[in-house]
Amino acid sequence: MPSCGQHDQEFALVLQCLSGSNEAWNVFYHRFFRLVRTIVVRQPAIPREDIEDVTQSAFLALVKGLKDYDGTYPLSKFVSIVAHRVCIGHYRQLSASKRSGEHRPIRELSSDSQEGCVMTSANACQEELLAREELVLILKKSLEQIGLRCRRLLELRYLEELPFGEIAEMLGVKENTLTVQTKRCLEQLSSEYAKGLRQGVRK
Amino acid sequence: MPPTPNPHPKDLLLLYVEGLLSAETRTSVMQHLAGCTECSSEVEVLSQTVSLLQRNKNIFCPEPWELAEFAMRGEVCSGNLKRHIEHCPSCAAELEELSRPAPTSPPSELLAAIQKEYGWTTQKEIRLSLARRIGAYAERVATVLRMPLMGIGAVAAVVLVVMLIQTLPPQGRPVVALSPVNWDSSSSGLIPKGSINLMGTARRKPTAAILVYFNSEKDALSPQQIDKLYEQLKPEPDVRTKVKILSPKTIQTKLGLAGIAAMSRNELMRDLQNKCGVSLTALVSLAKVREGYEASIEVIELPSQSVVYKKQRGPFQEAGLGEQLRVSVQDGLEQYEVR
């Protein structure tokens with residue numbers, strides 16, 4: 001079974017793709033099609049009817065950009081970054097075309113939104129979703145800053161919703177100690193989030 | 001009035017925010033909060049943060065690429081990912097989506113873009129392209145010379161013969177021997193298993209190739225003998241942990257060539273570097289003599305093309321040639337490591 005940090009085989013695949021081997025491109029496309037599509041589908045700002053086109057654009061960008069992959073991190077991460085950029089680029093194009101007066105159909109209900117918000121236009125919904133996504137990104141970045149133990153602790157408490165007693169038992173600490181630790185983690189997270197809001201994630 | 005032993009109930013504030021205090025303690029904390037701005041602001045920060053986490057549980061979710069890695073590699077690289085997926089329906093659904101079968105080849109538009117960017121190197125494409133080019137060339141010649149249709153065939157045949165003469169390696173020209181031998185049968189053959197460092201430092205090791213080179217095409221062994229030679233040249237695991245050595249099959253695939261290929265030494269070094277990412281080559285040059293084969297083993301550092309190890313060996317009989325040469329090849333590669 002392949003091990004962590006083992007990107008040599010992926011780097012070899014990239015070299016084969018760059019040398020123009022169509023077999024290697026078949027392997028590349030087969031391996032990353034689902035990932036690229038998932039990233040595109042995850043973007044709230046991409047209209048559903050554009051998903052296939054954006055997926056295709058992401059692969060076109062990968063064809064041109066694959067030479068920049070240096071094998072120091074997983075190829076799937078590289079693919080993911082490129083796909084993200086293509087999604088952002090597509091959204092900017094959409095926004096620009098709207099500003100220049102091109103007609104877009106009005107959608108009354110965004111089925112992509114978890115809250116099922118009623119919208120007067122697709123543009124407004126997308127703006128709102130993007131703004132929300134921005135805040136979530138800042139929060140996620142803040143979570144990455146607070147250390148693995150804190151992340152684990154907050155995940156057990158606020159994602160899995162385990163009682164403090166159960167978590168304390170799991171981690172081998174007293175319940176009182178655990179609540180104090182959780183409080184500190186939340187304070188750290190709050191501080192990082194405030195810092196993130198000031199700086200902004202996407203410059 | 002005696003001082004309160006614990007004026008600020010800091011340890012209770014989180015439990016207060018989460019509504020986990022008994023009614024009596026809650027009342028006591030509330031009374032304290034009413035007169036303490038420090039604790040009130042802490043409560044405000046805590047409740048905002050808890051609320052953020054409760055409303056945005058997806059921040060704990062891995063990125064799609066991490067799920068894709070999990071789908072591909074399993075638990076090895078995932079940390080607590082498995083547990084997360086068990087508790088997160090959206091990640092479980094995404095993992096299912098990522099694991100669904102994908103198309104096996106790109107759509108035509110993408111194929112065209114790839115072809116434009118990199119060109120194809122499959123033998124079938126090359127043959128088709130060659131045939132098309134010969135046909136077109138013959139047609140142009142026939143048009144210029146105002147020849148009848150039958151003449152086109154004749155011109156095409158002449159062009160084909162001329163091109164074959166040009167592409168076939170002439171007697172006496174140096175050739176490189178390529179082989180489909182895979183030194184690591186358990187993997188996909190892209191990289192030998194022994195070259196992989198579990199700590200992820202494999203990229204820092206030099207990537208090496210071991211190649212057999214005949215100074216003259218007429219000295220070349222048969223394909224079966226070449227395969228056997230490469231099998232015997234398979235390096236020992238201890239060398240393969242120090243230097244990343246590409247399998248002959250990998251080199252053949254990356255160069256897009258097979259069998260014996262006419263190639264100058266400079267061309268070979270350039271292609272090894274550019275197409276295979278090789279930075280070190282162990283080149284076994286063989287020349288036929290009356291008693292068998294004389295060998296020159298060189299370890300060449302790319303891109304400077306400086307020879308860091310050179311040894312003349314032989315003559316050797318064909319049988320067991322690889323066994324005799326393997327020691328020198330390993331010696332050369334190991335010495336490079338010592339430098």
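**Reading helix faces, contacts and confidence**

Author: Let us start with helix 10 (residues 223-232) of chain B, in which Ile226(B), Leu229(B) and Tyr230(B) are buried. A residue is called buried if 20 or more other C-beta atoms lie within 10 Å of its own, exposed if 12 or fewer, and partly exposed in between, with C-beta atoms placed from the backbone. Because the three cover an arc of only 95° around the axis, they sit on the same side of helix 10 of chain B; the arc is that of the directions from the helix axis to the C-beta atoms. Helices (H or I, at least four residues) and strands (E, at least two) are DSSP runs, numbered from the N terminus.

Reader: Before we go on, what kind of model is this, and how are residues and chains labelled?

Author: This is a predicted model, in which local features need pLDDT of at least 70 and side-chain atom pairs count only at pLDDT 80 or more, while totals for chains, interfaces and linings use all residues. Residues are numbered from 1 along each chain as its sequence is written, and chains are lettered from A and ligands numbered from 1 in the order in which they are written.

Reader: Which residues of helix 6 of chain B are buried, and which exposed residues does the face turned away from them carry?

Author: In helix 6 (residues 89-99) of chain B the buried residues are Cys91(B), Glu94(B) and Leu98(B). Seen down the axis they fall within an arc of 60°, so they line one face of helix 6 of chain B. The face turned away from this buried side carries the exposed residues Pro89(B), Ala93(B) and Glu96(B). The cover over the buried residues includes helix 2 of chain A, together with helix 4 (64-73) and helix 5 (81-87) of chain B.

Reader: At what angle do helix 2 of chain A and helix 6 of chain B pack?

Author: Axes are lines fitted to C-alpha atoms, for helices over the stretch in contact, and angles run from 0 to 180 degrees between N-to-C directions. Angles under 35 degrees count as roughly parallel, over 145 as roughly antiparallel, 65 to 115 as roughly perpendicular and the rest as oblique. Here the angle is about 140°, with the axes 8 Å apart, which means that helix 2 of chain A is oblique to helix 6 of chain B. Arg34(A), Leu35(A) and Thr38(A) in helix 2 of chain A meet Glu94(B), Glu97(B) and Leu98(B) in helix 6 of chain B. By class, this contact divides into 2 nonpolar, 1 polar and 3 charged residues, where Ala, Val, Leu, Ile, Met, Phe, Trp, Tyr, Cys and Pro count as nonpolar, Asp, Glu, Lys and Arg as charged, and the others, Gly among them, as polar.

Reader: How many residues of chain A are in contact with chain B, and which element gives the largest share?

Author: Two residues are in contact if their C-beta atoms, placed from the backbone, lie within 7 Å. On that basis 58 residues of chain A are in contact with 62 residues of chain B. The largest share of the side of chain A that touches chain B, 11 residues, comes from helix 2 of chain A, and by class that side has 26 nonpolar, 21 polar and 11 charged residues.

Reader: What is the secondary structure of chain A, and how do helix 6 and helix 8 of chain A pack?

Author: Chain A comes to 8 helices and 0 strands, and buried residues make up 37% of its 203 residues. Helix 6 of chain A and helix 8 of chain A pack at about 105°, with their axes 10 Å apart, which means that they are roughly perpendicular. The contact brings Cys150(A), Leu153(A), Leu154(A) and Arg157(A) in helix 6 of chain A to Gln181(A), Thr182(A), Cys185(A) and Gln188(A) in helix 8 of chain A.

Reader: Where does Glu161(A) lie, and is it buried or exposed?

Author: Most residues other than glycine have a negative phi. Phi of Glu161(A), however, is near 60°, a positive value. Glu161(A) lies in the loop between helix 6 and helix 7 (164-171) of chain A, and counts as exposed because it has 10 C-beta neighbours inside 10 Å.

Reader: Which elements of chain B have the lowest and the highest mean pLDDT?

Author: pLDDT is the predictor's confidence in each residue, from 0 to 100. Where it is low, the predicted coordinates should not be read in detail. Among the elements of chain B, helix 8 (residues 123-144) has the lowest mean pLDDT (60) and helix 3 (residues 37-55) the highest (94).
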